[in-house]
Amino acid sequence: MLALAGILPDFELQSADGDSPTRIAVTAAWGAGAFGLLGALVWPVLVRALLLVPALVLGLLVFFLNGSLLLIALRLIPDGRGAADPQTAVVVAAVMSAVASATATGLAVGDDEAYRHRLSRLADRRRRRRGRGGDTGRSDVPGTVFLQLDGVGHQVLLDAVAAGDVPHIASWLGERPTHRLTPWRTDWSSQTGASQLGILHGSNHDVPAFRWYEKDSGRVMVSNRPASAAELQRRAIERTGDGGLLTLDGASRGNLFSGGADQLALVLSIAARRARTNRSRAGYFAYFSDPANAVRTVVSFVSDVCREIGQSTRARLRGDRPRVGRGGLYPFIRAFATVVERDVVVAAVLGDMLAGRTAVYADLVAYDEVAHHSGPHSRDAARVLARLDRSVGLIARVAEHAPRRYRIVLLSDHGQSPGETFEGAYGLTLKDLVRAGCGLPVSRRAERTRSGAEARDAARHAVLGALHRPERTDDDGAEPARSSEPVVLASGNLGLISFPDVPGRMSREAIDRRHPALLRTLASHPGIGFLLVRSEEHGSVVLGHGGVEVPVDALADDGPLAGMGPGAADAVRRTDGFPHVADIMVNSMYDPGTGRVHAFEEQIGSHGGLGGEQAWPFLLSPLVLSAPVPDRGELVGAEQVHAVLRRWLREGGGPQVPLGAEGTPVARGAAPAEGTAATEEAAVTALTAPGAGSGDAGDTPVRAGSGADDEANALSAGARTTENERDPA
């Protein structure tokens, strides 16, 4: 404060006539003490009052709230010797909070040994306070932490280990390995909504894609919208009869779904519940209740925004291909995923471990977000993965001081396949191609492309041909329904086409009668690998290039699915049985030689369909746990992964699904109800002890989330690692 008063012209700590150095020092002490006291007492109340404010807005408010507290502190100085302009107060408060965080960390943990000894001592002190029956030792029952590195494929992880980008993870696979690495294969819908629902709740039935149209309700389901996530979770619980993987003494952090946990932070399936029973935002309160945390994260946020702008500018100047637009709001969306979400989730996991929770499942989405726009094998994505590795290392170190042993399991929900977007390669979107094939108007730009012109010509000739054929009717003898525009949705390199005016799944024959050129246009396009449609005569069929048509019952991993990978036919058959499968399912082409696909979205690293690395995530588990599958066995589908994780919890004596009087599972976890024993206050209390994340290069060292006990201060001192999807919750 003294230094800033000497530097900034609009910040005064003395009277107009001047004061002695001693008097100025006393005034600074008054001001700093009042500011610190207000930060400890008032700041948590302000953050709690702003729990319903979106995280990005809360981040921007941090500086202004901090500056307001400083102005109040200056008014509390006797004789009115403190004064500052509002703009200057914001700067002074931000610098003081950042310096306080850095100084506290530096004084407390000069080296790793000091860090370990201090954290161990304070953790032991906490256990003695909470010990029962005089037992202050570690619990004999181990806990389990599941860390999901969103979008990191099996091959990407192997490459990162070989390149030395992830030293903490590599140490688990070194000469004396402590973990085993197992690839697993996703369903056709290789995306977080399907995979995480299956992993956490044991069923991803009827999740055909990331987004899809449901004719019975007339709505578009999108996996990362709160209302859709809540409905998907409800359906999974109804189908399986239990609340999920984390039903007893579990915590869910940063996920789409709760997994049945009572302790929740940043969980999308309950985010729409704007009431006290919505405990998902407790993670924000726990983390941002410390103003130093808030300032550090906001500074890191701004730093990452600048980093993204610089990286995208260099990519344009180099002429990198493929490339997608990275302007507009994207730098802020990326920074939310790589800084805010990471810091809050890591802080929550540290709090769960020091609170001794039995099972924790957390999702870190940073790599997935960056890889979508920079590419899964890009240097930008590799740097983000390296920062996540430091977060993993921090969690592993803190686990040594928890009141119980922890098994740390790393896993991913899918990989990503690189490639030029469909629009970038052919000049029109999938929606443009569908509309052209239906004879509907398209943009002039799409009309001028070769694909658009061919599709419109085919549609025109088909219509002219139909004029010379006898008029046909639908199966019930009625005239065909008036044409309506199709709903075309994209989920990575998987496209879904639905005709909303036709109840149920529209047949191939009905599509041909209404739009004679559509299926032929799609199946013959070089950017499309295969189609799935229902035939009235042959049942469901897969259509490929050259007029190839294979009934789903006879489908194998060759023919139209050649190169899509083992199990592709089974994945298509399973999706074909979903009630809400689209009228036409479209999978892009896949080049086995280059591993490239064409996303129907603006992504050069995509996932959602079949083809390449997107279908091969990983499972990295401690050797003390049983093998996920027998030797030479294969782990297929998120539902099988759920069974493996549940088995591991049983091996450790962890959470089990509670049984009712008749021995049947009791459904829990659909949504927190009024009067639940684990209240919002309990969630906040559990999280306010620790909190840390990996900061950006040049930032002040990471400080933990504030709390009432010394363990929070321990993490403030110790969490000192530094840094060198679309549609966030």
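User: What phi does the residue after α14 have?
Analyst: Quick ground rules: this is a predicted model, with local features needing pLDDT of at least 70, side-chain atom pairs counting only at pLDDT 80 or more, and totals for chains, interfaces and linings using all residues. Residues are numbered from 1 along each chain as its sequence is written, and side-chain values use heavy atoms, leaving out hydrogens and water. Helices (H or I, at least four residues) and strands (E, at least two) are DSSP runs numbered from the N terminus. G375 follows α14 with a positive phi, near 105 degrees.

User: How many residues of helix α14 are buried?
Analyst: Buried means under 20% relative accessible area, exposed means over 50%, and partly exposed sits in between (1.4 Å probe, protein chains only). Among the residues of α14 that pass are Y367, D368, E369 and H372. The helix is largely enclosed by the rest of the structure, because the buried count is 9 of the 9.

User: Is T421 buried or exposed, and which backbone nitrogen does its side chain reach?
Analyst: T421 sits in the loop between β11 (417-418) and α16 (422-426). At a relative accessible area of 3%, T421 is buried. A polar contact is an N or O atom pair within 3.5 Å; within protein, one atom must be able to donate a hydrogen and the other to accept it, and residues adjacent in sequence count only if both atoms are side-chain atoms. At 2.8 Å, the T421 side chain reaches the backbone nitrogen of G424.

User: How is the F301 and F332 pair classed: stacked, edge-to-face or tilted?
Analyst: Rings of Phe, Tyr and Trp (its six-membered ring) pair if their centres lie within 6.5 Å; planes under 30 degrees apart are stacked, over 60 edge-to-face, the rest tilted. The whole structure has 5 aromatic pairs. In this one, the centres are 6.3 Å apart and the planes are at 35 degrees, so the pair is tilted.

User: Which helices does that pair link?
Analyst: F301 is buried at 13% relative accessible area, whereas F332 is partly exposed at 39%. The two residues are 31 apart in the chain, in helices α12 (residues 291-318) and α13 (residues 330-354).

User: What is the volume of the second largest cavity?
Analyst: On a 1 Å grid over the protein atoms alone, a cavity is a set of points where a 1.4 Å probe fits but cannot get out, and lining residues have an atom within 4 Å of a point. Grid points are joined across faces, edges and corners, and volume is the space filled by probe spheres set on the points. The lining includes W188, R574 and F578. The volume comes to about 30 Å³.

User: Which proline is joined by a cis peptide bond?
Analyst: Most peptide bonds are trans. Here R321 is the partner, and omega is about -5 degrees. The proline lies in the loop between α12 and α13: it's P322.

User: What is the phi of D206?
Analyst: D206 lies in the loop between α9 (192-201) and β5 (211-214), and counts as buried at 8% relative accessibility. Most residues other than glycine have a negative phi. D206 is not a glycine, yet its phi is positive, about 65 degrees.

How values were computed. On a 1 Å grid over the protein atoms alone, a cavity is a set of points where a 1.4 Å probe fits but cannot get out, and a pocket is an open set with protein on both sides within 12 Å along at least five of seven lines; lining residues have an atom within 4 Å of a point.
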